[in-house]
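Here are my notes on the model you asked me to look over.

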Amino acid sequence: MTTLTAGISPVLAPAFAHSVLPDLATTRFKRRLDIEFTGSGSEYFRIWVVNLLLTLVTLGLYLPFAKARRLSYFYANTQVDGQALAFHGNPWRMFRGFVLLALLMLAYGVAGRFSPVAGLIAFGLLCAVWPALWRAGLQFRLSNTSWRGLRLGFRGDLIGAYRCMLPTYLPAMLMVVCQFLWAPRGQQPPEDPAFYAVVTFGPLLLLFALLPWGLALLKRYQHGGYVFADQQTRLSASIASFYGLGLKGMLVSLGPIVLAGIGAAVLIPLAQSGALSKVAALVFIAGLALLAYLLFFVITMSYFGARLQNLVWCKTGSAALQFDSQLSARALAWLNLKNWVLTGVTLGLYRPFAAINTLQLRLSAMKVTVDADIDAWVAQAGAAQHDATGEAAGDFFGIDMGL
Amino acid sequence: MSPSQPRLQLDYFDGHSARPQAAEIWLSDGHLHLSAGAEAQYAAGDVRWPERQRHGQRQAQLPDGGLLSCADAAAWDAWAQGSGLRDSVTVRWMQSWRRVLLALVLLLALVFAAWRWGAPLAAGLIVRALPASVEQQIGSQALDYLDQHWLKPSMLHLARREQITKRFEQLVRASEPDRPPLRYQLHFRAGDRQLGPNAFALPGGEIVLTDALVELLHDSPDALQGVLAHELGHVHHQHGLRMAFQAGLIGALAGLVVGDFSAVLAGLPALLAQQAYSRDFEREADMQAYQMLGRDGVSPRVMLQFFERVAAIEARQGAAPQLLSSHPATPERIAYFSQ
């Protein structure tokens, strides 16, 4: 059967090619598993249109069913070593989670509209349950994903989910408390400007400084909990490497800021000099701002997106599995620019093509090397069903698998 | 088992081992039969069948955790058709370009209808169901916020303020003699240069007017009353709350379409829709002002003075194009009050 041999390509480390034969017991099974994405933009466009129509007709209630179909399509088109992934999520379970979360978000939105204090309490409650929801979402997604008939799993514990949020949560809480205690009321200036600056910008700076650390803990927790058969992954990336990514990203993002500044310095006086009418100048400056905004996000988001994927997946592995990702930030930036412009020009109709193109690029950069006989792998006991609320939460807040 | 039933060779995974097994399947009497070393059968209704697509592998999920995987999608489709497995209606729509185009047209019509009628209707229902006390609380909180950050106490003489308030009371009573009067409250405030001559209504009937507006219309008290009547129109139709809910609904709608892609892109239609709704509201409020002035025996043409003076200010500062504007174009409003 062709499917059994497709995509098998033995990996030989360069050293082995010249020296003595490797020890057969450890490398007999060592090979690279190719990852191939076969989804088509035009087909996904048709799925998307029908899904969207059904979602609007049902006032959003069809959303979980649409999502199950979307994931099934993506999974059936993601082939690892010639075998596609399979999505097992039950849309009715997802529907329950979706309704629960929609009610939660509605309560949150309404509370904020009616009173700032109620909004603050609702925000606090949301923050308190958020790590648990996030973990439940990972559990649901992984345990409903299978490859070669075996379910994946997520084994991160509940305390870990809360612990890895601390570097983000603590400065944020400090910020809220400082604002609540010392923010100036009304129009009277603060009595002590220096003190006011410290309590306002101190927590913000702290949050900013701890961000890479928080991201590192988050990714370590996430990539330390993936399970397949008897393999549990771990992330060996150092915290320093996340700070390195953050610093380089800031440098990269300086480029578009400087460019936009130069553009503004040259063009705004030109517009004010009377060469253009007031309205034309307004439209001109707004267009320029939009362009700068687009460029800024295309460059910084693509840089962070590509480098984070590479950093995280190159350092993810288990006893017999090693992942690798070589995604080019430049390729992702060009793709993002094209996707954004075309999505804007077509008023959103290009959206499904953009989704397929992005997945295609991101997945084709990935590789897995395995050093074991996969045929001998068996499912571990206790691959339980999990609550779908977290999955829905992940959707609401845009949490994904970092891929 | 009838020999005529088509059979398909594929990979079978039992859900416990990652080892693929060569298997053969066929459908008969409403059951899926599986032959992979041993034989098994499952009620066809318990199997999660794949949806037909052009791309990707076909995978059928068995109720016991097993998985059938067929890399040759065309072979699977031929087998499924020969075995009498029917595509769902949704799948048949998704596989036909003609129906997808029809769905797209329906979708656009639906989005337009939701924008034009759905959101205003839903917002109207929500606003009417909201207790008056809640609306008043929202309004007074908004006023507190504005007082803290934007507005300063009025510098006008108390007598002048009372004169304006009394005159407006008369106007309101004259326009609605048999109905209980609408709850409203005039607030005199001074604003910065940016705010300029201005009046606005908050939920719950709080109407704020700036000193600069009173100065602008110092020689035309009837025009000032017209502006206040316009604001009372906003109060009467609960425009402030309606706008919040309508814009929220449109934002949610846009979020469904492109929200997971770009928050900016999702925010843009909401912003444009908000401006369009706002122009509708202004027309409604103008209608109220027109009627109230008329019932009090004042010619609605007094409003022209107001528009002329505002137009003079706008000419000095430059006006935004219609698409981005929250009010109807001034010539349109002048024509309305000239009738």
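This is a predicted model: local features need pLDDT of at least 70, side-chain atom pairs count only at pLDDT 80 or more; totals for chains, interfaces and linings use all residues.

1. On the interface, 63 residues of chain A meet 60 residues of chain B. Putting the two chains together buries about 5,200 Å², and carbon and sulfur atoms account for 63% of that.

2. Now the charged and polar links. Two salt bridges are counted between chain B and chain A. One of the two pairs B:Glu51 with A:Arg69, where the closest N and O atoms sit 2.8 Å apart. Polar contacts across the interface of chain B and chain A come to 20 residue pairs, with both residues at pLDDT 80 or more.

3. Which helix of chain B gives the most to the side that touches chain A? That is α3 (residues 97–129), with eight residues. Sorted by class, the side of chain B that touches chain A has 32 nonpolar residues, 19 polar ones and nine charged ones.

4. Chain B has an open, six-stranded sheet with antiparallel pairing, and its strand order is β4-β3-β2-β1-β6-β5. The edge positions go to β4 (38–43) and β5 (58–61) of chain B; each has a single partner strand, so one side of each lacks a neighbour in the sheet. On average, neighbouring strands in this sheet are turned by 35° against each other, ignoring direction.

5. Another open sheet in chain B has four strands, ordered β7-β8-β10-β9, and here the pairing is mixed. At its edges are β7 (152–153) and β9 (199–202) of chain B, each with a single partner strand, so one side of each is again without a neighbour in the sheet.

6. Strand β10 (residues 206–210) of chain B runs antiparallel to β9(B), and four bridges join them. Within β10(B), B:Leu209 is the bridge partner of B:Ala199.

7. Finally, helix α4 (residues 132–149) of chain B lies across β8 (185–190), β9 and β10 of chain B. Relative to β9(B), helix α4 of chain B runs at about 140°.

How values were computed
Residues are numbered from 1 along each chain as its sequence is written. Chains are lettered from A and ligands numbered from 1 in the order in which they are written. Side-chain values use heavy atoms; hydrogens and water are left out. Contact means heavy atoms within 4.5 Å. Buried area is the accessible area (1.4 Å probe) that two parts lose on being put together, summed over both. A salt bridge is a side-chain nitrogen of Lys or Arg within 4 Å of a carboxyl oxygen of Asp or Glu. A polar contact is a pair of N or O atoms within 3.5 Å; within protein, one must be able to donate a hydrogen and the other to accept it, and residues adjacent in sequence count only if both atoms are side-chain atoms. Helices (H or I, at least four residues) and strands (E, at least two) are DSSP runs, numbered from the N terminus. Ala, Val, Leu, Ile, Met, Phe, Trp, Tyr, Cys and Pro count as nonpolar, Asp, Glu, Lys and Arg as charged, and the others, Gly among them, as polar. Two strands pair if DSSP finds at least two bridges between them. Axes are lines fitted to C-alpha atoms, for helices over the stretch in contact, and angles run from 0 to 180 degrees between N-to-C directions.
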